[in-house]
Amino acid sequence: MTGPGPDTLIQIAADRRNLPALFAALPLLKEISSGSIELLAQEIEWFSMQGGTTLYSTGQVSDGLYVVINGALGVFTGHAGGGSRYVGQLSAGHTAGENEAISGGARTTTVIALRDSEVARLSPATFERLTREHPQVLRYIVQELADRVDTLQRPGARPLSVPKTFALVPADAAVDATRVGGDLVTCLRRFGRAELVTSSQATDRTTHWFHRLERANDFVIYVADLQPTSWTRLCMRQADMLLLAADGDAEPRPWPALGGSTDGAIDVRPAELLLLHRSRPTAGIAGRWLKAQRCRRLHHVHAMKDVARVARLLTGRGLGLVLSGGGARGFAHIGVMRALHEARIDVDSIGTASIGAVIGAGWAAGWDYKEMLERIRRGFVATNPLSDYTLPLLSLVGGRKVCRLMRHEFGDTDIEDLQLPYFCVSASLTSGQLAVHRSGRLWSWLRASISIPGILPPVFTGGQAYVDGATLNNLPVDVMRDDHHGRIVAVDAGGQRGFVTDLEMTETPPLWRLPGLFGKRRGNINIMQVLLRAGMLNSAALSIQHRELADVLLSPPLEGVDLLDWSAFERVIDIGYRHARQVLDSRKGLLSG
């Protein structure tokens, strides 16, 4: 029978204020004799930190090594453009500041108490003597660092920062926070022990009561009061993450519980927005809520299935789907959609490029398979969207038909209004960099994402010119991986050879020879095919790399399908469906876990 873990031993010793037993339970010191630990306990400083307190900041001179006794510390690094990025969480038994303790250099990260915590500090002199007399301690630290680097770099690995405790903060009295929290706990229990805590249950409880509660459960949801009471402040100090719940059918308003000053709370710990809907949300309402309250991510909640999706995303168990470009070959994504639905595999977030952006947007908007078929057939098969030819000053096609198509299918919807978290990519001709679109008018950014250079005119806005995202990144698994902590399925419909021809020529023949030359030869080639394929070549090597970042790769056999053959609609969908069924049957255990 397995004995109690180190965190349990730490808690027992902490409750009894038994310093030698406490430090003997730390993984860092597990191989040191009891006599040495008793001497060490006299030199180690043990202190409490209130949630939100900074332990140390980037650039400060190292003052030793820290060990978490209770609670949790958050690790933050700086952004190139300013601000900070949440990297991970350190819980009981973990160390902080190892790099600087070894090198003696300045701090490279900022560490903040995510909730009320207790920490032990080893001074530089104590740490130096400890590692000199007990080299196994240094070996343990090096192994800890290596494990963290491996976790961060390994595709599909669980992040270091999967939250355990949540503060559910209502925006107003219209939000039944206890009911919402109860629904979320029900869904979280699929993944472990979970408990809901309200103010009536926790009156006059000590810090150690909360530590024991959190150790007894895998997830804890604290329901905050509407006002900034002492209980609300305690909830926020105990939380790894804030869940800000609001009536999604109402106009945005401040959260009274946040006291009108949210920046500190949001910077210390990540915050996510839950918009609760009783009816279809008004276009643009989600974007207005996000402008009123800065959050890392937004979730639309209409029914229990949406709560289940939130639970998966919060705990790093969500499924992200990445859809590539590929012209008419992208219709294969519709077949993949059917296969995933039949396999009862839920998609929780979607990232896209080019034609995949259009199909993915419909998917994220809640279109079912039948509706997807009807809309895409109407827009791309019944009428050729690339047939409004124009004087080729910017492009061969004017783009009016494509704009009308995008407007007709998506209207005034913003990306933030979509039921699922979604992004599409385009390429900025101005900066030469990939642009990732997670907000703004959906039809406009879809128009940018499919703007094949030379065929469709760029989208000009905000002083920049945007073209097809496939020119730089046709399979943006890397973008999804940066933001999505969970499994990823990538569908690459553009990876095969673009076209084959037996033409032998170095210049365009006279006009009178063209019909005979191109009309009967194998692999008719036109300027649109050349431009479309040329626009994808730059990202071909990256697509190969990005395939490796996916947990499951779907690459339907589409070599015989021309990139502009819209009439191959049903055939391409069937190829995508059959290929997905074959792969999913062998990988369903991974995707359903």
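**Ground rules.** I am working with a predicted model, where local features need pLDDT of at least 70, side-chain atom pairs count only at pLDDT 80 or more, and totals for chains, interfaces and linings use all residues. Residues are numbered from 1 along each chain as its sequence is written, and side-chain values use heavy atoms, leaving out hydrogens and water.

**Strand 15.** I looked up residues 318-323, which form strand 15 (helices, H or I of at least four residues, and strands, E of at least two, are DSSP runs numbered from the N terminus). Six of its six residues are buried (under 20% relative accessible area; exposed is over 50%, partly exposed in between, with a 1.4 Å probe and protein chains only). I recalled that side chains in a regular strand alternate between the two sheet faces. Here Gly318, Gly320 and Val322 lie on one side, and Leu319, Leu321 and Leu323 on the other.

**Its neighbours.** Strand 15 runs parallel to strand 21, with six bridges, and parallel to strand 16, with four (strands pair if DSSP finds at least two bridges between them). I found leucine 321 opposite isoleucine 350 in strand 16.

**Helix 15.** Which residues of helix 15 are buried? I noted Met372, Leu373, Arg375, Ile376, Gly379 and Phe380.

**Charges over rings.** I saw arginine 107 over the face of tyrosine 56, 3.9 Å from the ring centre. Arginine 338 has its charged end over the ring of tyrosine 577, 3.8 Å from the centre. To count, NZ of Lys or CZ of Arg must be within 6 Å of the ring centre and within 35 degrees of the ring normal.
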